[in-house]
Amino acid sequence: QSRNNNSPQRSGMLCAGGMTAAQIVPAATDSQIADWLFDHLTAALATTAGAIAITVPGGSTPFPILAELAGRPLDWSRIAVWPGDDRIVPEDHPASNVGRIRALLEPAGAKVIALTEDAKPPHFAVAWLGMGGDGHIASLFPNTDPQVDDPHALRRLTPDPLPPEAPFDRLSLTIPALLDSDAVIFVIRGADKVAVFEAAIKGEHDLPVARLLRAAHQPVICFA
């Protein structure tokens, strides 16, 4: 597999509270993000003879990256893939995250896990997140008041307002479940969203993304 060696410029920023450094990688292409994931997952697989797990977001942004990653020479049979959140719809519904993830990654050999209310998420080699313009992560919308010390790893939630493109109740990993990981990455497209993320780093608001960043203890990278 050929690699794209044109690495984008990296800029480092310190999260509010000084808990962890959040690095923003501007102008990152899908191929460069897939390169990072391939390298990270290859290293994680090399540390164990067993399986590893990752959590990935839904929406439109991750799937071109996942398609590139699916073609990389990873031992997918040892990788369990969890959605970070999902809409409570049948898997064959267009709004189902796990349905789309399964269709893409199961042919490569991955074990794709559907979220259920009694699921017990594992430790993740990487927690990959998106972020909405309102600062939500996974399905932890501002109205759900997510807590960094939530005793639950997964919650059933109702966003308010309901996004018109996906007006469904959700299952979502909580902040503690997402931070039970070796690394956290964000892929955020659009200047407005990047501004919300940068404001979270600076401690300028208390939206869900800011709460997660303040509590993070592992490397955090935002591909923008």
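Two strands count as paired if DSSP finds at least two bridges between them. Keep that rule in mind while looking at this predicted model.

Start with strand 5 and strand 9. Strand 9 covers residues 170-173, and three bridges join strand 5 to it. The two strands run antiparallel. Which residue of strand 9 stands opposite aspartate 86? It is leucine 171.

Now widen the view. Strands of a sheet pair through backbone hydrogen bonds, either parallel or antiparallel. Here, three strands form an open sheet, and their order is 5-9-8. The pairing is antiparallel. Which strands are at the edges? They are strand 5, residues 85-87, and strand 8, residues 154-157. Each of these pairs on one side only. On average, neighbouring strands of the sheet are turned by 15° against each other, direction ignored.

Next, the aromatic rings. A pair of aromatic rings is described by the distance of the centres and the angle of the planes. Searching the whole structure gives three aromatic pairs. One of them joins tryptophan 36 and phenylalanine 223. Their ring centres are 6.1 Å apart. Why is this pair called edge-to-face? The planes stand at 65°, and planes over 60 degrees apart count as edge-to-face.

Where do the two residues sit? Tryptophan 36 lies in helix 1, residues 30-46, and phenylalanine 223 lies in strand 11, residues 220-223. The pair therefore ties together parts that are 187 residues apart in sequence. Are tryptophan 36 and phenylalanine 223 buried or exposed? Both are buried.

One more ring deserves a look. Phenylalanine 63 has arginine 100 over its face, at 3.9 Å from the ring centre.

Conventions: Residues are numbered from 1 along each chain as its sequence is written. This is a predicted model: local features need pLDDT of at least 70, side-chain atom pairs count only at pLDDT 80 or more; totals for chains, interfaces and linings use all residues. Side-chain values use heavy atoms; hydrogens and water are left out. Helices (H or I, at least four residues) and strands (E, at least two) are DSSP runs, numbered from the N terminus. Axes are lines fitted to C-alpha atoms, for helices over the stretch in contact, and angles run from 0 to 180 degrees between N-to-C directions. Rings of Phe, Tyr and Trp (its six-membered ring) pair if their centres lie within 6.5 Å; planes under 30 degrees apart count as stacked, over 60 as edge-to-face and the rest as tilted. Buried means under 20% relative accessible area, exposed over 50%, partly exposed in between (1.4 Å probe, protein chains only). A charge sits over a ring if NZ of Lys or CZ of Arg is within 6 Å of the ring centre and within 35 degrees of the ring normal.
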